[in-house]
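Notebook open, a complex on the screen. I want to see who touches whom, and then how one of the chains is put together.

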Amino acid sequence: MVRAMLTAEELQILSTSLGVAGRAVVFSLPVAILFAWALSRPRFPGQGVLNTIAHLPLVLPPVLVGYMLLLAFGVNGPLGGWLKATFGIQLALTAGGAAFATAVMAFPLMVRAIRLSLEATDGGLFEAAAVLRASPWDRFWSLALPLAWPGVLAGAVVAFAAGLGEFGAVITFASNIEGETQTLPLAINAALNTPGRDEVAFRLAMISLVAAIVGLLAAEGLQRWARRRLEG
Amino acid sequence: MSLDLRGAVVRRGGFRLSAELSIPTEGITVVFGPSGAGKSMMLSAIAGLHRLAAGSVTFNGRVLEDVDRQQRVAAHERAIGLVFQDARLFPHLTVRGNLHYAEHRRPAARNAPITLEISRLLEFEDLLDRPVKNLSGGERSRVALARAIVSAPELLLLDEPFAALDGRRRRDFARFLKEYGRDMGVPIIVVTHLIDEAAELANHVVAMRAGRVVCSGQPAEIMTRPEFAALLDPRDRGAWVQGAAGYAPGDGVWVRADSVLLASAEPRGISARNVWPGEVAGILREPDGAILVSLDTAKGYILSRITPEALVDLKLEEGGKAWAIVKAHAL
C-alpha cells in the first residue's frame, strides 16, 4: 500500500530516513542505558560532568553539534583520521555519519526516558536481590533492566521518531547526498530551495508528519504493553 | 560460635544505632523492642545493607565488617538471608520466578530445599505460576520466607515476619521456623515488637530501646527483668512460662497479667488447664489503681492484675499462698 502511495524518490528518502534513525537508536541505546544507570545511582564524583555531557546536545544548536562532530570525526579530525587509518571507517559525508549525528542528537531523549524509569524502581528490591547473592552487575541485568524495560522501549521509540526529523547536525556532518544521507527533513529543505518543487516538499512534509505521529503513538503503545507485561 | 557486634555504630537520617552484642549462632534469637528501637537497622547492618560508621561485625569468627581495619564483605557475599517486613518480591517474576532467582544463585554445595520442596512445605504449591501482585499479604510473607530459605543462607534474618499472618498461619509459621532452624542447623534472628511472638520463638532474647541494646540472654532470665518489663505496654505485662498446657515442654509462652486469675485456696472442679500454686512474692499498686501481684511458682514468677476489692476478698499478703489460674485458650 505504501508503495502505491509513494513515488520511487519518496520511497528512497523514507528508506534512508528509517535506516539512519534505526541505526542511530541501535548505536546509542547501549551507551544511553549505561549513562542512565550511572546517573540514577547515588551521587558519585564526576556525576555532574556525566550529566552535562549527556544533555549537551539538547541545549546546543544542532548545527554546532554537527560542526563539532566534523572537527573531531571529519576525515582530517583526530578521531576521524584514526578511524580511517585503523579501521578504514569514514563517518563524515556517509550514511553511517548521518546515523552517528542523529544518535548524538537523540541521545539525551533516550537517557532521560531510561533514567526516569530506573529511578522509579523501588530501591528495596535491589537490597532483596543483594541478600539473595546477586552481585551489582547481576542486579543490573536481572532487575534494573527488566524493571526499566518500558522506559527503555519508550526512550528508543521517541529517539527513533526524533531521529527521523533530525536536520542541523546531519546536514553539517554528513551533508545532503541523494540516496546516501538525504533524509526526510534534508529532502524537504532541498525541495523548498528548488523552484517548482513545492508539491514535492509538501508531500514529503506529510510523510514526515505521519512518521512522527506513528512513532509517538507506537512509543505510547509499547510503553503500556511493556508495563502491563511487567505488572503481570 | 557466635555473631558478634563490637562497638558497632550505624547512622542513618539522624538516627544512631549503637550495639555491643554477642548472639549464639544456634536456635532462634528474638530482637525485641518498641517501634523505632533500631531493630530493623541492626538486621540491615548484619546483612551488609547498611555500612557501619564504627566497630565491627563478625560471624562465627569471619569478619564481615571492621571499620578500623577497613574490611568489608559485600551483602551478596555474606551468605546471610534476610526476609523483609514488606516481602520485596520481584514484581516482574512469578512466584516460581522469585524462588528460582534465589535457587540459581546459591552455591551448588549448600544443602537447602529447592523451589518445589519449599512450596509444598509452606503450602503454596498452587501459587507457583501466579504473578506476585496477585498474592495476599500472608501469601507474600510465605513466599518471601521460602525465597530466603531456598538461597541456602548460613544465617537467616527475619524482620517482623508475622505482621501479615492470621492466627493459624502464625502458629504454623512459628513451628516451621523452629523446625527449619533445628533440622538445617541454620541460626535465625527474628525482629519483633510483639511480646507473644518473642516469647513463643526465643531461645535467646535481645531487648532494644532507642538505638541501644538494653539486655540480652536466655528468655527465662531476660524476660523477668525490670528493664525488660519497662519496654512493654502496660497491658502486655506478664511472665514468660515454659511448658504451659497445650504447648510442648520446651516451648515458651507469654502469660499476660490480665489473663491470670488468683485463688486463695486450691481450686477444684474447674476447666482451666493451667493451675500453678505459689507464694506471693510482691504486691504492687499500679498508677491506675489496679493491683499487680507477683507469685513465685514452679513455673517462675507469674504476674496477675487484680482489683483492690479482689485483694481484700482474697486476703492476700506477701509470703502467703495463692494459686495462679490460666485458661489454655487465653494463651
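I started with the contact between the chains: 16 residues from chain A and 21 residues from chain B take part. I count two residues as in contact if their C-beta atoms, placed from the backbone, lie within 7 Å. On the chain A side, helix 7 (123-130) and helix 8 (136-147) each bring at least two residues. Helix 7 of chain A gives the most, with 5 residues. My helices are DSSP runs of H or I, at least four residues, numbered from the N terminus. I sorted the chain A side by type and got 10 nonpolar, 3 polar and 3 charged. Nonpolar is Ala, Val, Leu, Ile, Met, Phe, Trp, Tyr, Cys and Pro; charged is Asp, Glu, Lys and Arg; the others, Gly among them, go down as polar.

A note on what I'm reading: this is a predicted model, where local features need pLDDT of at least 70 and side-chain atom pairs count only at pLDDT 80 or more, while totals for chains, interfaces and linings use all residues. Residues are numbered from 1 along each chain as its sequence is written, and chains are lettered from A and ligands numbered from 1 in the order in which they are written. The predictor gives the complex an ipTM of 0.88 and a pTM of 0.84. For chain B I noted an average pLDDT (the predictor's confidence in each residue, from 0 to 100) of 90, with 100% of the residues at 70 or above.

Next, chain B itself: it splits into domain 1 (2-233) and domain 2 (235-330), with bounds from an automatic or database domain assignment. Their centres, over C-alpha atoms, are 33 Å apart.
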